Amino acid sequence: MHKLSTKEAAAWLGYSHHTLKKWRRGRKHWEIGLRGPRFTSVHGRIFYFMDALEDWQKLCGGDWGRPEDNSAY
């Protein structure tokens with residue numbers, strides 16, 4: 001399981017890290033009902049796991065989130 005920082009996860013998904021922060025709504029742990037991919041907090045720092053990002057992307061409809069696949073926009 002590859003651990004990513006908020007900025008790395010945002011770049012991989014094609015969103016800003018501010019968007020991911022807004023989706024977390026100030027929560028330190030992922031809960032059912034939150035928008036966005038699963039995340040975890042370790043000593044106050046937020047991390048995303050690559051498998052959680054890939055699962056969330058599949059759930060939301062494919063590979064539209066990765067910046068290299070989004071070059072036409």
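Trainee: In which sense do S1 and S3 pair, and over how many bridges?

Mentor: Start with the rule. Two strands pair if DSSP finds at least two bridges between them. Here S1 and S3 pair in the antiparallel sense, over three bridges. One example is Ser5, which stands opposite Phe47 in S3.

Trainee: What should I know about the model itself?

Mentor: It is a predicted model, where local features need pLDDT of at least 70 and side-chain atom pairs count only at pLDDT 80 or more, while totals for chains, interfaces and linings use all residues. Residues are numbered from 1 along each chain as its sequence is written, and side-chain values use heavy atoms, with hydrogens and water left out.

Trainee: Which elements does the chain have, and in what pattern?

Mentor: Helices (H or I, at least four residues) and strands (E, at least two) are DSSP runs, numbered from the N terminus. The chain has three helices and three strands. Along the sequence they follow the pattern β-α-α-β-β-α.

Trainee: In what order do the strands form the sheet?

Mentor: The order is S1-S3-S2, in an open sheet with antiparallel pairing. Strand S1 (3-5) and strand S2 (40-42) are the edge strands; each pairs on one side only. Neighbouring strands are turned by 50° against each other on average, direction ignored.

Trainee: Which bridges join S2 to S3?

Mentor: Three bridges join S2 to strand S3 (residues 45-49), and the two strands run antiparallel. Val42 has Arg45 as its bridge partner in S3. Thr40 has Phe47 as its partner there.

Trainee: What is the phi of His43?

Mentor: First the general idea. Most residues other than glycine have a negative phi, and most peptide bonds are trans. Phi of His43 is near 55°, a positive value in a residue other than glycine.

Trainee: Is His43 buried or exposed?

Mentor: Buried means under 20% relative accessible area, exposed over 50%, partly exposed in between (1.4 Å probe, protein chains only). His43 is exposed, with a relative accessible area of 82%. Over the chain, buried residues make up 33% of the 73 residues.

Trainee: How do I read two packed helices?

Mentor: Use the angle between their axes and the distance between the axes. Axes are lines fitted to C-alpha atoms, for helices over the stretch in contact, and angles run from 0 to 180 degrees between N-to-C directions. Helix H1 (residues 6-13) and H3 pack at an angle of about 35°, with their axes 11 Å apart.

Trainee: Which residues make the contact?

Mentor: Contact means heavy atoms within 4.5 Å. H1 gives Ala9, Trp12 and Leu13; H3 gives Met50, Leu53, Glu54, Trp56 and Gln57.

Trainee: Where does H3 meet the sheet?

Mentor: Helix H3 (residues 50-59) packs on the sheet and touches S1 and S3. Its direction makes about 65° with that of S3.

Trainee: Where is confidence lowest and highest among the elements?

Mentor: pLDDT is the predictor's confidence in each residue, from 0 to 100. In the chain, confidence is lowest in H3, at a mean of 88, and highest in S1, at 94. The chain averages a pLDDT of 79, and 79% of the residues score at least 70.

Trainee: Over which residues does pLDDT stay under 50?

Mentor: Over residues 62-73. For that stretch the model has 18 contacts beyond four places in sequence.
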